[in-house]
Amino acid sequence: MPYLSKIALNPRRRAAVSLLANPHKLHAAVLGGLAVQPVTERVLWRLENSTPHRAEILVLTENRPSWQHLVEQAGWPDADGAEPLIADYSPLLQRLTRGREFAFRLTANPVQTVQRPDKPSEQQTQRLKALVGTHEKRRGFRVAHRTTAQQLAWLLARAERHGFTIPAARTGPAINLEPSAPDGPTAEPAPAVSLIARETLRFAKSSNGPRITLSSATFQGRLRVTDPEALRAALLGGIGPSKGYGQGLLTLAPLPPEAPHA
């Protein structure tokens, strides 16, 4: 039975500062909330809100967790409003039916695979040098999509395989400024999704380990269910790479009621 948790951390405590600055450390702390060790189940998480006064983490687990260690080390022990929230995720999964629409949020690491990066990182440069003169088949390199347009296109290209579409926004069409026909630009409906946050994360797994850099993008909008089973798999398994670093968790919520027409 899957569970969705929300844990509040106190960013003014030293332990919380350390966890929030390093996704590798935060992932290890999240795994510490499960009784069966070593953890073999898929655990998804994301930093939902982070301000100087409060940080909130969403975590999806297959088994019921305990977050007492995080509260004691980096939260507000015994304070009102500091107790973690843990909810059974099954009712939401059962409400997925074809054609139903939900509000959604997704924090992901949009990437593409290329044979040779234009600006290889230190690790990629070392890998390229190691392949010189060998006959080893070269694996592609993951390269981040960095522009808003690229990141939105990445999500739209993956929607169908994950059991949903993103319908047109209700506020009117977006104008495509790139001529697509001899007659000039065409107006196409804008999808009901926006990028609400973009961030480049840089951290190391250990004090003397290599630096890890990944681009994170948070999408928010409206989706329509096309394949309930595929969408359930995406909710439980995540979307895109770098899931251990707080990427890939897709969450749904009921759509707010529409405002009455004037």
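Modeller: This model is predicted. Two strands pair if DSSP finds at least two bridges between them.

Colleague: What makes E11 and E12 a pair?

Modeller: The cut-off is at least two bridges. E11 and strand E12 (residues 211-225) have eleven, in the antiparallel sense. They therefore pair. Six residues lie between the strands, and E11 and E12 form a hairpin.

Colleague: How do you know that E2 and E3 pair?

Modeller: By the bridge count again. Six bridges join E2 to E3, and the two run antiparallel. Since at least two are needed, they pair. In E3, Leu58 is the bridge partner of Arg46. Four residues make the link in this hairpin.

Colleague: Why is Ser5 called buried?

Modeller: Its relative accessible area is 1%. Buried means under 20%, so Ser5 qualifies. The residue sits in strand E1 (residues 3-9).

Colleague: Which residues does Ser5 touch, beyond those up to four places away in sequence?

Modeller: Ile57, Leu58, Val59, Pro65, Trp67, Leu85 and Ile86.

Colleague: What makes the Ser5 and Trp67 side chains a polar contact?

Modeller: The distance is 3.0 Å, between side chain and side chain. The limit for a pair of N or O atoms is 3.5 Å, so the pair passes on distance.

Colleague: Which residues of helix H2 are buried?

Modeller: In H2 (residues 23-31) they are Pro23, Leu26, His27, Ala29 and Val30.

Colleague: Why do you say that they line one face?

Modeller: Looking down the axis of H2, the buried residues fall within an arc of 160°, so they line one face of the helix. An α-helix has 3.6 residues a turn, so residues three or four places apart point the same way.

Colleague: What do the buried residues of H2 pack against?

Modeller: Helix H1 (14-20), strand E2 (44-50), strand E3 (55-61), helix H3 (68-74) and strand E11 (193-204). At the start of H2, a side-chain oxygen of Asn22 comes to within 2.9 Å of the backbone nitrogen of His24.

Colleague: Which residues of H7 are buried, and what do they pack against?

Modeller: Pro228, Ala230, Leu231, Arg232, Ala234 and Leu235 are buried. The buried residues of H7 pack against E2, E3, H4, strand E8 (164-165), E12 and E13. Gly238 follows H7, with a positive phi near 85°.

Colleague: What makes a set of residues a nonpolar core?

Modeller: Each must be a buried residue of a listed kind, among them Leu and Phe, joined through side-chain atoms within 4.5 Å. The largest such core has 31 residues. Phe104, Phe219, Leu231, Leu250 and Leu252 have the most contacts inside it. Elements giving two or more residues to this core include helix H6 (148-159), E12 and helix H7 (228-237).

Colleague: What does Phe104 contact, neighbours within four places aside?

Modeller: The partners include Leu155, Ile166, Val193, Phe219, Leu223, Leu250 and Leu252.

Colleague: How many residues does the second core have?

Modeller: There are 16, in a separate core that includes Leu19, Val30, Ala55 and Trp67.

Colleague: How do you know what share of contacts joins residues at least 24 apart?

Modeller: Take contacts between residues at least 6 apart in sequence; 71% of them join residues at least 24 apart. The chain has seven helices and 13 strands. Of its 262 residues, 40% are buried. The accessible surface is about 15,200 Å², and 52% of that belongs to carbon and sulfur atoms.

Terms used:
Residues are numbered from 1 along each chain as its sequence is written. This is a predicted model: local features need pLDDT of at least 70, side-chain atom pairs count only at pLDDT 80 or more; totals for chains, interfaces and linings use all residues. Side-chain values use heavy atoms; hydrogens and water are left out. Buried means under 20% relative accessible area, exposed over 50%, partly exposed in between (1.4 Å probe, protein chains only). The arc is that of the directions from the helix axis to the C-beta atoms. Contact means heavy atoms within 4.5 Å. A polar contact is a pair of N or O atoms within 3.5 Å; within protein, one must be able to donate a hydrogen and the other to accept it, and residues adjacent in sequence count only if both atoms are side-chain atoms. Accessible areas come from the Shrake-Rupley method with a 1.4 Å probe; for residues, only the protein chains shown count as cover.
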